[in-house]
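I record what I looked up, in the order in which I looked it up.

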Amino acid sequence: MKENSELNHIITNEVETIDFSGVVYVKQDENIISNLAFGYADRVEKRKNNLHTRFGIASGCKLFTAIGISKLIEDGLLNYDTYLVDCLDIHFPNFDKEITIHHLLTHTSGIPDYFDEEKMSDYEDLWKDYPVYQINSLKDFLPLFQKEPMKFKPGHRFHYNNAGYILLGLILEEQTGRSFNEYIESEIFRKSHMMDSGYFALDQLPENTAIGYIDDHEENTWRTNIYSIPKKGGSDGGAFTTAADMMKLWESLFNFKLLNEETTKRLLRPHVHVNGEISYGYGIWMNQRNNQIYKYHVMGYDPGVSFRASVYPKSNLKIVIPSNIESGPFEVTKVIEGVLLKES
């Protein structure tokens with residue numbers, strides 16, 4: 001394996017090539033292999049990102065929602081085959097009555113999405129008719145998809161779906177009597193000692209939080225993402241965390257500190273094939289070769305946000321790369337894999 005300094009040099013070269021802004025945190029066994037910060041958290045004030053900067057992680061936190069729902073199942077409030085109509089007291093006139101928790105967790109429910117990537121390519125277009133500052137709770141998303149028709153029968157195929165995770169958050173709220181954000185912060189973040197993580201409103205960000213930036217490379221201009229994503233994150237995405245906190249989440253999950261071993265293994269099982277070597281579990285992606293999972297990962301992309309966090313069980317390698325611009329973590333991840341993994 002390469003020495004720390006050599007890996008850091010390779011990472012830094014890649015970062016300079018792609019003009020990356022964020023943090024790169026790499027750990028193998030108990031050893032920190034790399035922990036580097038790049039770019040500005042606030043471009044106006046020239047405040048640099050540091051190793052403890054909080055970043056938005058967009059859909060990277062669907063895993064938190066899946067863990068929360070799995071905890072309710074472990075506690076006996078639900079099971080994976082519970083029907084949506086039996087655990088959420090909201091009327092969806094066109095939804096199939098056979099939709100289950102499992103379908104929602106695996107993006108196989110067939111329900112319409114509020115942001116359908118088959119119909120729209122620009123997430124910002126969504127908020128022209130529904131201003132982001134009016135999205136204050138999970139129920140505020142319902143008008144975007146509640147009365148739309150099904151796309152396909154439940155279980156028929158995989159179709160990545162943000163609305164399904166909004167429903168999971170609403171189910172969690174109804175079954176626990178607690179707000180989704182408070183439940184996740186209490187039952188997952190605090191229990192994992194993720195003391196710098198939370199669901200923060202964009203107009204009330206805490207100290208040492210990176211502002212998300214949208215770059216227009218053709219015009220050589222930029223703007224912040226405050227008008228481009230919902231004001232506050234929820235069950236489909238939008239939490240803020242640090243690289244170190246996300247590493248704690250990986251360790252808590254894989255050491256069965258959040259869920260028991262049986263529930264954890266079910267969450268980490270490939271439930272639906274996506275394409276090629278990629279499958280999906282509950283809130284988490286996985287890559288398989290020769291019927292073995294060699295990589296678990298979560299990712300998130302929003303205007304002004306990009307994020308990758310990966311676990312390689314065979315080598316006990318973990319990588320966390322949050323960023324406050326729209327690309328970079330994927331490219332840096334591939335460079336690290338090329339150095340530290342024999343198979344890449």
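**Entry 1: ground rules.** I note that D215 is partly exposed, with a relative accessible area of 24%. My terms for accessibility are buried for under 20% relative accessible area, exposed for over 50%, and partly exposed for what lies in between (1.4 Å probe, protein chains only). The model is predicted, so I record that local features need pLDDT of at least 70 and side-chain atom pairs count only at pLDDT 80 or more, while totals for chains, interfaces and linings use all residues. Residues are numbered from 1 along each chain as its sequence is written, and side-chain values use heavy atoms, with hydrogens and water left out.

**Entry 2: salt bridges in total.** I asked how many salt bridges the structure holds. The count is 13, where a salt bridge is a side-chain nitrogen of Lys or Arg within 4 Å of a carboxyl oxygen of Asp or Glu.

**Entry 3: D215 and R43.** I looked up this pair and found a salt bridge between the two side chains, at 2.8 Å from N to O. The pair links distant parts of the chain, 172 residues apart: D215 belongs to strand β6 (residues 213-216), and R43 to the loop between β3 (40-42) and β4 (47-48). I take helices (H or I, at least four residues) and strands (E, at least two) as DSSP runs, numbered from the N terminus. R43 is buried, at a relative accessible area of 17%.

**Entry 4: E337 and K295.** The side chains of E337 and K295 form a salt bridge, again recorded from N to O, at 2.8 Å. I find E337 in helix α9 (residues 329-340) and K295 in strand β12 (residues 292-302), so this pair, 42 residues apart, also links distant parts of the chain. Both E337 and K295 are buried.

**Entry 5: K334 and E337.** E337 also meets K334 in a salt bridge, at 3.1 Å from N to O. Because K334 and E337 are three residues apart in helix α9, about one helical turn separates them. I note that K334 is partly exposed at 39% relative accessibility, whereas E337 is buried at 4%.

**Entry 6: cysteines.** How many disulfides does a search of the whole structure find? I record zero, with a disulfide taken as a pair of cysteine sulfur atoms within 2.5 Å. In general, a disulfide is a covalent bond between the sulfur atoms of two cysteines. I also looked up C61, which is buried with a relative accessible area of 0%, and C87, which counts as buried at 1% relative accessibility.
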